Amino acid sequence: MKTCLVVDDSSVVRKIARRILEAMDFEIIEAEDGEKALEACKRGLPDAVLLDWNMPIMDGYEFLGNLRRMPGGERPKVVFCTTENGIDHIARALEAGANEYIMKPFDKDIVAAKFQEVGLIQLPSPASI
Amino acid sequence: MIPPDYEYLRKVLKDLSGLDLSADKQYLIESRLLPLARKTGLANIGELVQKMRGGSPSLINQVVEAMTTNETFFFRDKVPFDHFRETIMPEILRTRAGRKSIRIWCAAGSTGQEPYSIAMCLKEMGVALAGWRVDILATDLSQEVLEKSKSGIYSQFEVQRGLPIQLLVKYFKQMGELWQINADVRAMVQHRQLNLLHDFSHLGAFDVIFCRNVLIYFDQQTKINIFGRLAKAIEPDGFLVLGAAETVVGLTEAFKPFSDRRGLYRPSSTQNAPGRVWATGTAAPKLAAIAGM
């Protein structure tokens, strides 16, 4: 089973993300800020990270830089999931090594589409429209 | 909804758009037409039908549009676009190298996500297409969806369904909470209202035809008729792309499927019959190699 680290200071968002990702067969690890997320990654790298940008202790952008500098830290697929919806933020995130970017608000179809895009899941071919 | 109203709507839709509703699709009618009825100041489907029977061409047109417009998104189903990049375009680049032009038709272009996805694929090919003339024609029954397609403006939700973020950043401009595809990509796509039930021979011949997720609504005879006319609208060595739930099998001999590429077909008359081209072990050259990238 693949693991996904959900990093968001909102417990509500973490709960929604958990529900969506568990339905996609991910094992979920939660962290409420970048610092705790980094500690979790030191214990074991996840397959995927769903990452908020604005968090009180270490923001998502700083966390991503730290993750990518860790041994093996290039492997997890990182999908930002944030209200920072400006194109400048998106471009910065991509330069820092993000694989995909979700603009809040989001739903399960968007998460599934983005996770498929980075090769984390395979959506079945539609049998009908 | 009373049965005579349902039968009336079925007949109107069949005659005008080819939409072939089975006897049990009342829920579809209600979910699509009730909002239209309310918007028009009518209480229910019964009143809507009454007004249609009374003779209201614009309302009938709106009913047809509401029933035939379907959700779509960028790079929908992904696989057809893999076929386009990995199978269709490498061969087109080789076989059309002399004339350096390509004509593509999206026969159910809807709100533009499909033609613009194709346009972005072509943009991504960069130097491989330098100096080529590229024509993408998007047609649809509905003028309303064509207008949206022409504007190239999409909501935040729409640009997050299937569109890789790198392409969003590269080919779209942000307008508050909306996103507009860049003018140079919009300029690659021409729009035209077209009913597939009517003659389309005036459009000329195409190298590639995308006709996805529209034939599924037609009855067998209409499908056969359209396949026959599509066969005349495609170059002998062209490509036809159908939706995942659609096939030519059992309907026409004019097209043959690729055995290992779902949804991809080519005219039976082509010298490069699908079985022969790829069964010899000479894999299609990857586009990146052709482009020197």
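Tutor: Two residues are in contact if their C-beta atoms, placed from the backbone, lie within 7 Å. Keep that in mind. This model is predicted.

Student: Which helices do the buried residues of H3(B) pack against?

Tutor: They pack against helix H1 (3–17) and helix H2 (26–39) of chain B.

Student: Which residues of H3 are buried?

Tutor: A residue is buried if 20 or more other C-beta atoms lie within 10 Å of its own. In helix H3 (residues 45–53) of chain B, these are B:Ile45, B:Leu48 and B:Val49. Seen down the axis of H3(B), they fall within an arc of 95°, so they line one face of the helix.

Student: What comes just after H3(B)?

Tutor: Look at B:Gly55 there. Its phi is positive, about 95°.

Student: At what angle do H1(B) and H3(B) pack?

Tutor: The angle is about 50°, and the axes lie 10 Å apart. Angles of 65 to 115 degrees count as roughly perpendicular, and those under 35 as roughly parallel. H1(B) and H3(B) are therefore oblique to each other. Their crossing is left-handed. H1(B) makes the contact through B:Asp5, B:Tyr8, B:Leu9 and B:Val12. H3(B) brings B:Ile45, B:Gly46, B:Val49, B:Met52 and B:Arg53.

Student: How many helices and strands does chain B have?

Tutor: Chain B has 12 helices and 10 strands. Buried residues make up 38% of its 293 residues.

Student: What radius of gyration does chain B have?

Tutor: Compare it with a compact globule. With 293 residues, such a globule would have a radius of gyration near 19 Å; chain B has 20 Å, which agrees. Along its principal axes, the C-alpha trace of chain B spans about 60 × 50 × 30 Å.

Notes
Residues are numbered from 1 along each chain as its sequence is written. Chains are lettered from A and ligands numbered from 1 in the order in which they are written. This is a predicted model: local features need pLDDT of at least 70, side-chain atom pairs count only at pLDDT 80 or more; totals for chains, interfaces and linings use all residues. Helices (H or I, at least four residues) and strands (E, at least two) are DSSP runs, numbered from the N terminus. The radius of gyration is taken over C-alpha atoms; the globule rule is 2.2 Å times the number of residues to the power 0.38. A residue is buried if 20 or more other C-beta atoms lie within 10 Å of its own, exposed if 12 or fewer, and partly exposed in between; C-beta atoms are placed from the backbone. The arc is that of the directions from the helix axis to the C-beta atoms. Axes are lines fitted to C-alpha atoms, for helices over the stretch in contact, and angles run from 0 to 180 degrees between N-to-C directions. Angles under 35 degrees count as roughly parallel, over 145 as roughly antiparallel, 65 to 115 as roughly perpendicular and the rest as oblique. A crossing is left-handed if the near helix is turned anticlockwise from the far one by less than a right angle, and right-handed if clockwise.
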